[in-house]
Structures are given as C-alpha cells and as structure tokens.
Amino acid sequence: MINKTVDLRSDTVTQPTSAMRAVMAAAPVGDDVFGDDPSVNALQEKIAAMLGFEAALFVPTGTQSNLCAILGHCQRGDEYLVGQQAHCYRWEGGGAAVLGSVQPQPLNHQTDGTFALADIEAAIKPDDAHFARTRLLALENTLGGKLLPFEYVQQATGFAKDKGLGRHLDGARLFNAAVAQAAQTGGNAQAEARRIAQCFDSVSVCFSKGLGAPIGSALCGSRDFIARAHRIRKMAGGGMRQAGILAAAASHALDHHIERLAQDHALARRLAGGLAGIAGLQVEVPQTNLLFVDLNGDAKPRSSALLAHLQQRGIMATGLYRLRFATHLDVDEAGVERAIAAVREFFHA
Ligand SMILES: *Cc1c(COP(=O)(O)O)cnc(C)c1O
C-alpha cells in the first residue's frame with residue numbers, strides 16, 4: 001500500500017470534505033457585486049453575529065481582508081502600529097504602504113508575542129507636521145501559533161482606545177486562539193472567539209486555514225466601517241460574482257470545524273512530544289496547531305537533508321533551521337506517528 005502524503009507545510013492545504021463539497025454544490029447563488037448572493041449574505045450575517053459585530057464582508061483572501069481593514073481605518077499619510085512578525089506587516093507585500101500610502105510602524109514582540117505597553121506608548125507620534133499620524137493598532141492572534149494572553153489583549157486594546165487609536169485584529173487563526181483559550185478557561189470556543197473579537201473595532205478571520213474551507217476570509221466591523229471596506233475590496237479587485245459556492249463552504253466550516261481544532265492542537269502536542277529529546281532539536285511546546293522546531297549545533301547544517309529525507313517518506317514541512325509543522329483537518333494520528341518516526345530515523349534517535 002502506498003502511504004498518502006502527510007502534508008504538514010500549512011493548514012491551508014486541506015481538501016474540502018465530501019460534506020462540504022455537497023453543501024457547495026447545492027448552495028443558492030447570485031451576483032454578489034449586486035448584493036444578490038444569498039449564501040454570501042448569510043455567511044456575512046452569521047460571522048458578524050457570531051463575533052458580535054454589525055456587519056461583515058466576505059473577501060477572497062486574508063491579505064485582502066487586512067488591506068481593506070488598514071485602508072478602512074487609515075488615510076494616506078497615516079500609520080499603523082504592528083508587530084515585526086505580523087502577517088500584515090511582513091508577509092503581505094507591503095500592501096498598505098504600496099496601495100494605500102499608509103506607513104507601518106513595526107514594534108518588537110516580547111517572547112510571548114505581546115508588545116510592552118511602554119513600546120506602544122512610545123511609538124504613538126505627537127500631532128506634529130514631522131510625523132505620520134498614528135491611527136491604528138493591529139494585533140494578531142494566534143501569532144505564530146501563540147495564543148496572546150487575554151488580559152494583555154484587553155490591556156493593549158484598552159490602552160489604544162484611550163489614545164484614540166482604532167484596533168484591528170488579524171484573526172486568521174482566531175478560532176484556534178479561541179479553542180486554546182477555552183481549554184484554559186473551561187468556556188466554549190465560540191464565546192471565547194467573541195470575547196477576543198469584542199476588544200477590537202475590526203476583525204479578520206480566515207476560513208481557508210484550520211477551518212478547512214478552500215478559499216475566503218471575512219472582515220467584521222461596524223456598518224460604516226464595512227461600507228468603506230467594501231469600496232476598497234472593489235478597488236482591489238475582490239468583488240466576486242457567484243461567490244456563494246465559496247461562502248457556503250465557509251459557513252459549513254463555522255458549523256462543523258471549530259470545536260475539532262482541539263484535535264489539531266492535541267496532534268501538534270503529540271508531535272512535539274515525539275520529537276523532544278532528539279539531540280540538536282529544540283522543540284517549542286505548541287499552544288495551538290503550529291509546531292516550531294529549531295535545529296542547533298551539528299544538526300543545523302543538516303536541515304535541508306532532513307527535509308529531503310522527510311519528503312522521501314511522504315512527510316512535508318517548511319522552514320530552514322527553524323522548521324514548521326502545521327496540523328490540520330487532513331492530518332491524523334497515524335500521520336503524526338509517521339512524521340515522528342521519520343525524524344527519529346534521520347537522527348538515529
Ligand atoms: C494566512 C494569513 C493571512 C493571509 O491569508 P491569505 O488568505 O493567505 O492571504 C493573514 N494573516 C495571518 C496571520 C495568516 O496566517
């Protein structure tokens with residue numbers, strides 16, 4: 001029997017389940033540029049209500065969602081405070097600056113992914129012709145798989161509000177954060193997602209990551225804010241027509257794929273446990289579905305050879321020296337055990 005590939009490169013690689021495909025095939029659709037697509041409208045209402053916002057906008061990607069958000073909050077010559085490691089600073093082609101003339105002001109992260117409040121305060125510019133106008137604080141949760149402590153989220157966003165800044169959450173993996181937070185508080189994941197989201201003026205969530213939909217994100221906010229974002233989405237080429245086929249998949253994911261994220265988190269912990277103790281590997285304890293493993297000392301130059309060895313055995317991961325393994329809907333326990341065995345085989349561990 002040929003073993004199927006265990007693709008741990010990203011949680012974006014999932015295939016739609018057969019139940020999801022059935023819902024997509026049956027979805028009522030219309031032209032969403034005319035506002036006529038019932039499945040898109042239903043999804044937007046569902047995610048807005050779930051996270052406690054007036055309105056939401058379905059967009060093709062998380063990158064476009066963050067762009068619509070930043071340009072919805074900021075004008076030309078404004079700036080947003082954002083993490084050095086944040087997706088909407090580092091990984092989106094500089095879109096806010098290129099397309100919106102909005103300058104990022106990156107902040108360093110503490111080891112837990114947070115910002116020191118003093119660093120936020122120091123980065124806010126006085127109203128002076130020398131400076132860009134500081135308008136927005138953008139956080140990301142989870143950040144590199146880390147759950148931001150909820151007390152910090154409250155403090156940082158409360159502080160930003162007091163200073164008159166807008167607050168945006170890149171919650172591409174908000175539901176992973178919510179499931180991890182629910183495990184700490186004993187609460188339920190949807191309630192935790194809403195609690196996190198309510199600290200912000202706008203929230204972007206990805207359906208195409210751990211939730212397992214093929215395509216799509218949603219941006220949530222006030223009715224006025226979403227009206228501005230809608231104009232920007234059109235300008236960016238994100239006005240889609242019979243998008244209900246995609247929205248139906250996202251809606252199905254919200255109904256069926258939130259609680260199960262706990263399984264992805266458990267498998268990431270199992271993978272970490274299985275790799276712990278191998279000489280040359282420094283294995284982070286994963287808080288959600290992303291596991292990072294650093295190669296040190298003699299193991300470091302063997303990074304590419306390790307990835308090639310894994311690939312030969314049908315195991316895929318990303319990174320160099322710092323490897324990333326993402327668990328998701330299409331990874332099971334047997335796949336994780338194969339990954340552990342293949343790494344151990346490489347190191348004769
Ligand atoms: C994936 C991701 C995005 C962007 O999503 P795309 O759909 O790939 O554009 C934004 N923010 C974070 C944190 C992400 O992980």
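The model is predicted: local features require pLDDT of at least 70, side-chain atom pairs count only at pLDDT 80 or more, and totals for chains, interfaces and linings use all residues. Residues are numbered from 1 along each chain as its sequence is written, and side-chain values use heavy atoms, with hydrogens and water left out. Strands here are DSSP runs of E with at least two residues, numbered from the N terminus, and two strands pair if DSSP finds at least two bridges between them. Strand 2 and strand 8 (residues 217–221) run antiparallel and are joined by five bridges.

Strand 2 is mostly covered, with five of its five residues buried (under 20% relative accessible area, 1.4 Å probe, protein chains only). Ala55, Leu57 and Val59 lie on one side, Ala56 and Phe58 on the other, and both faces are covered.

His168 is found opposite Ser202 of strand 7. In general, strands of a sheet pair through backbone hydrogen bonds, either parallel or antiparallel.

The next topic is the nonpolar cores. A nonpolar core is a set of buried Ala, Val, Leu, Ile, Met, Phe, Trp, Tyr and Cys residues joined through side-chain atoms within 4.5 Å. The largest one holds 58 residues, of which Ile47, Leu51, Phe175 and Phe207 touch the most other members. A second, separate core has 27 residues, including Val6, Leu267, Leu275 and Val343. Leaving aside residues up to four places away in sequence, Phe207 touches, among others, Leu43, Phe58, Ala250 and Leu254.

An automatic or database domain assignment divides the chain into domain 1 (6–13 + 260–347) and domain 2 (31–256). Their centres, taken over C-alpha atoms, are separated by 28 Å. In contact (heavy atoms within 4.5 Å) are 13 residues of domain 1 and 16 residues of domain 2. Together the domains bury about 1,200 Å², 54% of it on carbon and sulfur atoms; buried area is the accessible area (1.4 Å probe) that two parts lose on being put together, summed over both. On the domain 1 side, Asp11, Leu261 and Gln287 lose the most area to domain 2, together 41% of what that side buries.

Note on methods: Buried means under 20% relative accessible area, exposed over 50%, partly exposed in between (1.4 Å probe, protein chains only). Helices (H or I, at least four residues) and strands (E, at least two) are DSSP runs, numbered from the N terminus.
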